[in-house]
Amino acid sequence: MKSEGLLKKKCVPCEGRGIKPLSRADAQDYLDEIPGWSLDDKARKISKEFKFQDFIGAINFVERVADVAEMESHHPDIHIHYNKVLLELWTHSIGGLSENDFILAVKIDAHK
């Protein structure tokens, strides 16, 4: 299973390495391994909404996400709406998706 392999990997910086964003097909292959995540229309971002009992539950989750993101040096866009947290992942430096986004998604799911 690809997701188990992703869980063991570490995000690698893309800046200055000439890395191109994943194609829609490649992104979809990764997406199939991370249930609940969605690919946007342009295949440039993935996102997932998490729902909690209350605001404090949402904030506690955001703190766990922040810890994982810092460990990976790869950071999601985070939107908080009372008891819901929407995470968007994409590799800003390449303007699209990289394997890093899927590594972080798997690790976030493991820390929910």
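Visitor: Which elements supply at least two residues each to the nonpolar patch?

Guide: In this predicted model, helix α3 (55–72) and strand β3 (77–81) each supply at least two residues of the nonpolar patch. The patch consists of Phe55, Ile56, Ile78, Ile80 and Tyr82. Together these residues have about 470 Å² of accessible area on the surface.

Visitor: Why does isoleucine 80 count as partly exposed?

Guide: Isoleucine 80, which lies in strand β3, has a relative accessibility of 36%. Buried means under 20% and exposed means over 50%, with partly exposed in between. The value of 36% falls between these limits, and isoleucine 80 therefore counts as partly exposed.

Visitor: What makes tyrosine 82 exposed?

Guide: The relative accessible area of tyrosine 82 is 54%. Exposed means over 50%, so tyrosine 82 is exposed. Tyrosine 82 is placed in the loop between β3 and β4. Its phi is near 50°, a positive value in a residue other than glycine.

Visitor: Where is alanine 43 found, and what is said of its phi?

Guide: Alanine 43 belongs to the loop between β1 (38–39) and β2. Although alanine 43 is not a glycine, it has a positive phi of about 60°.

Visitor: How do you know whether alanine 43 is buried or exposed?

Guide: Alanine 43 has a relative accessible area of 7%. Since buried means under 20%, alanine 43 is buried.

Visitor: Why is glutamate 72 called buried?

Guide: Glutamate 72, found in helix α3, has a relative accessibility of 6%. That value is under 20%, so glutamate 72 counts as buried.

Visitor: Which residues does glutamate 72 touch, not counting residues up to four places away in sequence?

Guide: Glutamate 72 touches Lys9, Lys10, Cys11, Ile103, Leu104 and Lys107.

Visitor: Which residues touch the most other members of the largest nonpolar core?

Guide: They are Ile34, Trp37, Ile46, Phe61, Leu87 and Phe102, in a core of 28 residues. Helices α2 (24–31), α3 and α4 (99–110), with strands β2 (46–51) and β4 (84–89), each supply at least two residues of this core. Helix α4 gives the most, with six residues. In soluble globular proteins, nonpolar side chains tend to be buried together.

Visitor: With which residues is leucine 87 in contact, leaving aside its neighbours within four places in sequence?

Guide: Among them are Trp37, Ile46 and Phe61, which are also listed with leucine 87 among the core members that touch the most others. The contacts of leucine 87 also include Phe50, Val65, Pro76, Ile78 and Ile108.

Visitor: What pattern does the protein chain follow along the sequence?

Guide: The protein chain has four helices and four strands, and their pattern is α-α-β-β-α-β-β-α. Of the contacts with a separation of 6 or more, 66% are between residues 24 or more positions apart.

Visitor: How do you know that the radius of gyration agrees with a compact globule?

Guide: For 112 residues, a compact globule would have a radius of gyration near 13 Å. The protein chain has 14 Å, which agrees. Its C-alpha trace spans about 40 × 25 × 25 Å along the principal axes.

Methods: Residues numbered from 1 in each chain as written. Predicted model: local features only at pLDDT ≥ 70, side-chain atom pairs only at ≥ 80, totals over all residues. Heavy atoms only, no water. Patch = residues over 30% accessible without salt bridge, like charges linked within 9 Å, V, L, I, M, F, W, Y side chains within 5 Å. Areas by Shrake-Rupley, 256 points an atom, 1.4 Å probe, with all protein chains shown as cover. Salt bridge = Lys/Arg side-chain N within 4 Å of Asp/Glu carboxyl O. Buried < 20%, exposed > 50% of the residue type's maximum accessible area, 1.4 Å probe, protein only. Core = buried A, V, L, I, M, F, W, Y, C linked by side-chain atoms within 4.5 Å. Contact = heavy atoms within 4.5 Å. Rg over C-alpha atoms; globule rule 2.2 N^0.38 Å.
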